[in-house]
Amino acid sequence: MIVLHEVCKQFMQGDEEAHALKKVSLEIKKGECVVLKGSSGSGKSTLLSLIAGLMQPSSGTISVEGKEISKLPESFSAQLRREKIGFIFQKFHLIPYLSALENVIAPLIPENLPVRILEEKAKIAMEQCGIAHKAKMRVNRLSGGEQQRVAIARALVNNPSIILADEPTANLDETLSRELIASLEALKHSGVTLLIATHDPLFFELPFVDRIIEIKNGEMIL
Ligand SMILES: Nc1ncnc2c1ncn2[C@@H]1O[C@H](COP(=O)(O)OP(=O)(O)OP(=O)(O)O)[C@@H](O)[C@H]1O
Ligand SMILES: [Mg+2]
């Protein structure tokens with residue numbers, strides 16, 4: 001369960017304060033699939049980063065599976081992220097000079113597992129995303145769509161109970177987008193909680209999506 005209570009986030013833009021999120025309150029139940037839509041600059045990426053504990057709210061609280069991630073010191077929020085959350089970033093944030101396989105393994109490194117086990121887990125996630133055949137390639141040689149699939153495999157490699165996806169189809173053509181949606185649907189059926197920020201209309205009429213919420217200028221529209 002993810003619970004946000006009156007979350008505000010301000011950024012300094014030069015001398016001005018930009019209000020990216022204004023008193024956002026939201027509850028997402030375990031196993032729910034929620035689509036977050038809103039135009040560019042409405043605050044979608046900010047909301048996802050806050051839930052992942054990648055940044056702190058200016059005010060308000062956020063709890064993830066009973067832990068208040070908004071108040072945890074960085075090392076603890078990193079651990080919570082590693083255990084529970086898979087994040088598919090809008091800009092993939094892959095390490096360009098590493099291979100696809102090495103990128104997928106990266107989140108598991110702190111767990112000190114034998115290389116054989118790491119590779120096995122990565123292989124399963126990569127097969128799930130249809131990118132296992134590019135395992136040895138350096139990611140900066142891959143196409144945008146292929147990089148996206150590596151990024152998705154990396155988000156799945158720790159078997160997360162929550163997936164936060166930021167514009168997951170932004171770099172995919174329609175066929176690949178539909179494949180990605182099918183993988184998300186399979187995750188939903190296996191009990192994973194999904195929060196997907198997108199303006200891709202493909203997401204607006206999916207039977208497995210429980211709720212579509214809209215955000216406008218940092219405010220939730222009910
Ligand atoms: N690090 C930052 N510093 C300053 N302003 C920021 C920062 N991150 C986001 N903002 C501002 O916060 C607002 C919300 O940004 P955000 O990236 O959350 O929007 P978004 O809905 O994800 O947009 P898009 O659909 O284009 O990805 C924007 O006005 C943006 O300029
Ligand atoms: Mg964004």
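A polar contact here is a pair of N or O atoms within 3.5 Å; within protein, one must be able to donate a hydrogen and the other to accept it, and residues adjacent in sequence count only if both atoms are side-chain atoms.

Before going on, some housekeeping. This is a predicted model, where local features need pLDDT of at least 70 and side-chain atom pairs count only at pLDDT 80 or more, while totals for chains, interfaces and linings use all residues. Residues are numbered from 1 along each chain as its sequence is written, chains are lettered from A and ligands numbered from 1 in the order in which they are written, and side-chain values use heavy atoms, with hydrogens and water left out.

Back to the ligand, with its contacts side by side:

| Residue | Protein atom | Distance to an oxygen atom of ligand 1 |
|---|---|---|
| Serine 40 | polar side-chain atom | 2.6 Å |
| Glycine 41 | backbone N or O atom | 2.8 Å |

Taken alone, ligand 1 exposes 640 Å², and the protein buries 65% of that (accessible areas come from the Shrake-Rupley method with a 1.4 Å probe; for residues, only the protein chains shown count as cover). The shell splits into 2 nonpolar, 10 polar and 2 charged residues (Ala, Val, Leu, Ile, Met, Phe, Trp, Tyr, Cys and Pro count as nonpolar, Asp, Glu, Lys and Arg as charged, and the others, Gly among them, as polar). Helix α1 gives the largest share of that shell, 3 residues; helices (H or I, at least four residues) and strands (E, at least two) are DSSP runs, numbered from the N terminus.

Now for the sheets, where two strands pair if DSSP finds at least two bridges between them. One is an open, mixed sheet of 6 strands in the order β6-β7-β8-β3-β9-β10. Its edge strands, β6 (85-88) and β10 (219-221), each pair on one side only. Within this sheet, β7 (residues 162-166) and β8 (residues 193-197) pair in the parallel sense over 5 bridges, and alanine 165 stands opposite isoleucine 196 in β8. Helix α5 (residues 144-156) packs on the sheet, touching β6 and β7, with contact meaning heavy atoms within 4.5 Å.

The other open sheet has 4 strands in the order β2-β1-β4-β5, with antiparallel pairing. β2 (16-28) and β5 (67-68) stand at the edges with a single partner strand each, so one side of each is left without a neighbour in the sheet. Here 5 bridges join β1 to β4 (residues 59-64), and leucine 4 stands opposite isoleucine 62 in β4.

Technical notes: Axes fitted to C-alpha atoms, helices over the stretch in contact; angles between N-to-C directions.
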